[in-house]
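Please have the sequence and the 3D view open while reading.

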Amino acid sequence: MIASATCRLIPSQRVLRAASALLSLVVTAVASAQIAVHPVLTPQPRELHAGERVAVHSAMVTVPGGDAEDNFAAHDLETTLAERGIVVSPAVGAADLTVALLRAETPAARQILSQNKLVFDPAMHDEGYVLLSTPGHVEIIGETSAGIFYGVQTLKQLIDTDGAANKVWTGTIRDWPAMKYRGVHDDLARGPMPTLTFQKHQLEVFAAHKINLYSPYFEHTLQYASDPLAAPPGASLTRAESQELAAFARSLHITIVPEQEAFGHLHHVLKYEKYADIAETPHGHVIAPGQANSLPQIKSWFTQIAEDFPSPFLHIGADETFELGTGRTKPDVEKRGLGPVYADFLTSIHTTLAPLNRRLLFWGDLGGSDPASVARLPKDMIAIPWIYWHQDNYDGNITPFKRVGIETWVAPGDANWRVVYPLGNTALDNISGFVESGQRLGSTGELTTVWNDDGEGLFNLDWFGVLFGGAAGWQPGKSDGAAYQATFGTTFYGDTTGRIDEAQRNLMSAVDDLDVSDDTFWLDPWSEAGQKKAAKIRSTIPKARLQAERAIELIETVLATEPHIRERDALLAMEMAARRIDFIGMKFQLSEEMSIAYARAYAQKDDPQHETETRELLYSISSMNGRCQDLRDGYSMIKNLYRASWLAENRPYWLDNVLVRYDLQIEEWQRRGDKVNNLIDRWQQDKSLPTAKEAGIPPPPTN
């Protein structure tokens with residue numbers, strides 16, 4: 001009978017394998033067919049007329065004008081071509097493709113534009129470009145080095161592969177940005193502190209997607225030569241690193257504008273006794289206006305920032321000053337009101353930093369809390385209203401500043417904070433809506449924010465959201481999140497199979513269906529809160545787990561079969577996050593299964609007819625393959641994956657603060673398993689079991 005059953009299964013397995021292979025071929029063919037219809041580009045160009053794809057095996061890049069910055073763009077292009085397997089400047093024979101980088105004012109560029117009836121509109125001057133691609137030739141024309149550089153970034157995306165050979169699209173592109181500043185704001189103060197190598201990689205990717213501003217966020221992790229106390233050793237940016245990073249960014253046409261909090265969010269500074277005289281409350285979070293050393297301290301910080309990061313801007317933060325008016329400034333706030341005290345301190349900072357000749361950026365909290373006080377602010381400051389969730393209309397966050405003539409940038413969010421994986425649909429909705437409102441109301445920039453409130457965030461999980469922010473700032477009007485998502489796997493990872501896009505869709509759906517907060521990941525399912533959480537999410541767990549597991553399989557397939565895939569560290573982080581999502585569901589399912597198993601075992605503990613069943617029920621809770629061990633093993637496996645992903649981008653600082661949470665969970669489930677093992681030994685001796693409550697096992701769910 002067994003042999004016969006096995007024989008019947010073999011054809012079915014063959015059919016399944018054949019069907020799976022056929023499905024894989026269909027997916028690949030569909031992806032390739034989609035690429036063959038039009039180029040996959042992010043951001044989408046303003047004007048695109050695509051032709052056909054032409055094979056390219058070798059290429060030569062020329063810079064007739066010899067401009068140093070254009071030579072840098074040429075080298076950047078040559079590096080990418082070589083990485084794709086294209087021979088650059090072949091020593092023997094003519095190149096398949098010649099790329100010329102031309103300034104618009106040169107005779108050659110004017111002739112090309114005239115012959116093709118193309119013009120440079122005034123809006124194109126700063127960063128716009130024209131790209132003409134014909135078989136064997138590409139001309140990129142810009143009025144500035146930035147325009148040339150961005151044309152090169154587009155050309156990189158116009159070169160794709162059909163699986164056999166590299167091909168370049170023919171056609172014509174005229175392109176320029178909708179917003180002058182397209183930025184990423186990255187939290188470097190609450191845990192993860194990237195290596196300088198990773199920060200340079202961030203800048204390279206930002207530049208490739210036409211992002212031109214990077215704003216690292218500091219509370220205490222920027223080292224100050226005259227004030228070194230607060231910066232943690234080995235986990236803060238040194239002056240040498242700052243200057244090196246700023247120079248590297250300039251070559252990529254990126255301006256670095258560090259945000260040094262100058263009002264609130266300063267507990268890690270104010271906890272030192274040295275700063276007691278400027279704190280609103282003892283060892284609190286807010287600098288108190290009106291104290292003798294408050295403004296000198298701020299001036300000291302920003303004088304060094306201005307030296308190390310040459311840019312037109314200084315970002316002073318000034319958000320969430322919740323303690324203001326509860327300590328030293330309480331009498332003044334009670335007399336004049338919170339808004340005027342807040343606005344007047346920002347004005348004082350503006351006056352203090354005026355000799356640095358920079359424009360001050362500040363978070364636009366005041367527009368929502370006290371719009372009437374906005375008029376007290378200096379008009380040459382730039383307000384950054386921030387909203388990280390859906391609103392039917394975002395205009396009200398901008399108009400308090402627009403009414404009084406203060407320039408604005410809008411700050412949507414990546415929705416990455418306090419979750420094991422960013423909430424992709426939330427980010428797409430928020431970014432597209434807020435940026436569209438900003439463009440319509442005249443905001444000159446967008447700054448997509450990444451926050452690490454939990455101390456666990458990994459930037460390699462944030463690319464999807466922040467690059468959409470950059471695209472939304474470049475593209476006019478409201479950007480299409482669905483269209484962006486459908487191309488992300490290709491433009492970021494170089495995956496033409498469609499698998500990464502499918503994995504992303506699965507994870508976006510999973511985080512919408514399941515509570516994937518860090519709190520839920522760490523929540524003890526045997527606690528009272530854990531049992532309540534289980535009841536709330538029970539019905540959605542199976543679907544979310546299947547989605548996460550499908551994503552894992554897709555990612556593993558890409559890693560195993562696509563040797564030229566880009567951003568492997570980001571893909572590994574994505575898989576780690578998918579396993580965390582799956583584990584959240586598993587944890588609550590296995591916990592309830594253990595409760596049910598123990599209740600059944602206890603009910604029949606004295607019945608010899610069910611002795612085998614009782615033993616197996618107890619073994620299902622704790623044994624070589626028990627559920628206690630499953631949860632221990634799950635935390636242990638994810639701990640190792642998490643450590644690897646952390647160290648792929650960050651310095652070791654703070655990592656132990658996260659890993660200790662894994663260690664505690666591993667220890668807890670080992671301890672619980674050992675306790676149940678002792679109960680099993682006792683039961684086997686005298687058939688006695690303690691009650692579930694005595695054993696520390698929660699009762700089974702009532703429904």
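## A buried glutamate and its partner

Glu592 is buried, with a relative accessible area of 16%. The model is a predicted one. Glu592 forms a salt bridge with Arg538, and the closest N and O atoms of the two are 2.6 Å apart. Arg538 lies in the loop between helix H18 (528-537) and helix H19 (541-561), while Glu592 belongs to helix H20, so the pair ties together parts that are 54 residues apart in sequence. Arg538 itself counts as partly exposed, at 23% relative accessibility.

## Other salt bridges

How many salt bridges are there? The count comes to 43. Side chains of opposite charge can pair when their charged atoms come close.

Another of these pairs is Glu456 with Arg580, where the closest N and O atoms are 3.2 Å apart. This pair links distant parts of the chain: Glu456 is in the loop between strand E17 (445-450) and helix H14 (463-474), Arg580 is in helix H20 (residues 568-603), and 124 residues separate them. Both ends count as buried, Glu456 at 5% relative accessibility and Arg580 at 3%.

Arg376 forms a salt bridge with Asp344, with 3.0 Å between the closest N and O atoms. Here too distant parts of the chain are linked, since Arg376 sits in the loop between helix H11 (365-369) and strand E15 (382-384) and Asp344 in helix H10 (residues 338-353), 32 residues apart. Arg376 is partly exposed, with a relative accessible area of 40%, and Asp344 is partly exposed as well, with 23%. These two residues also belong to a network of salt bridges that links Asp332, Arg336, Asp344 and Arg376.

## Aromatic pairs

The structure holds 39 aromatic pairs. One of them joins Phe521 and Tyr662: the ring centres are 6.0 Å apart and the planes stand at 65 degrees, so the pair is edge-to-face. Phe521 and Tyr662 are both buried.

Trp522 and Tyr635 form an aromatic pair that is stacked, with 6.1 Å from centre to centre and 5 degrees between the planes. Trp522 is in helix H17 and Tyr635 in helix H22 (residues 627-647), so far as the chain is concerned 113 residues apart. Trp522 is buried, with a relative accessible area of 7%, and Tyr635 is buried with 0%.

## A ring cluster and charges over rings

Ring pairs also build a cluster, which takes in Phe198, Phe206, Tyr214, Phe459, Trp463, Phe464, Phe468, Tyr484, Phe488, Phe492 and Tyr493.

In two further places a lysine is placed over an aromatic ring. The charged end of Lys200 sits over the ring of Phe248, 5.3 Å from its centre. The charged end of Lys605 sits over the ring of Tyr602, 4.2 Å from its centre.

H19 has 21 residues and reaches 30 Å from its first C-alpha to its last, close to the 30 Å expected at 1.5 Å a residue. Which of its residues are buried? In H19 they are Ile541, Ala544, Arg545, Gln547, Ala548, Ala551, Ile552, Leu554, Ile555, Val558 and Leu559. An α-helix has 3.6 residues a turn, so residues three or four places apart point the same way. The cover over the buried residues of H19 includes helix H16 (499-513), H18 and H20.

H16, with 15 residues, reaches 21 Å from first C-alpha to last, close to the 21 Å expected at 1.5 Å a residue. Its buried residues include Arg499, Ile500, Asp501, Ala503, Gln504, Asn506, Leu507, Met508, Ala510 and Val511.

## A buried asparagine in a loop

Asn650 is found in the loop between H22 and H23. Is Asn650 buried or exposed? Asn650 is buried, with a relative accessible area of 3%. Leaving aside neighbours within four places in sequence, Asn650 is in contact with Pro192, Met193, Pro194, Thr195 and Leu458.

Terms used:
Residues are numbered from 1 along each chain as its sequence is written. This is a predicted model: local features need pLDDT of at least 70, side-chain atom pairs count only at pLDDT 80 or more; totals for chains, interfaces and linings use all residues. Side-chain values use heavy atoms; hydrogens and water are left out. A salt bridge is a side-chain nitrogen of Lys or Arg within 4 Å of a carboxyl oxygen of Asp or Glu. Helices (H or I, at least four residues) and strands (E, at least two) are DSSP runs, numbered from the N terminus. Buried means under 20% relative accessible area, exposed over 50%, partly exposed in between (1.4 Å probe, protein chains only). Rings of Phe, Tyr and Trp (its six-membered ring) pair if their centres lie within 6.5 Å; planes under 30 degrees apart count as stacked, over 60 as edge-to-face and the rest as tilted. A charge sits over a ring if NZ of Lys or CZ of Arg is within 6 Å of the ring centre and within 35 degrees of the ring normal. The expected span of a helix is 1.5 Å times one less than its number of residues. Contact means heavy atoms within 4.5 Å.
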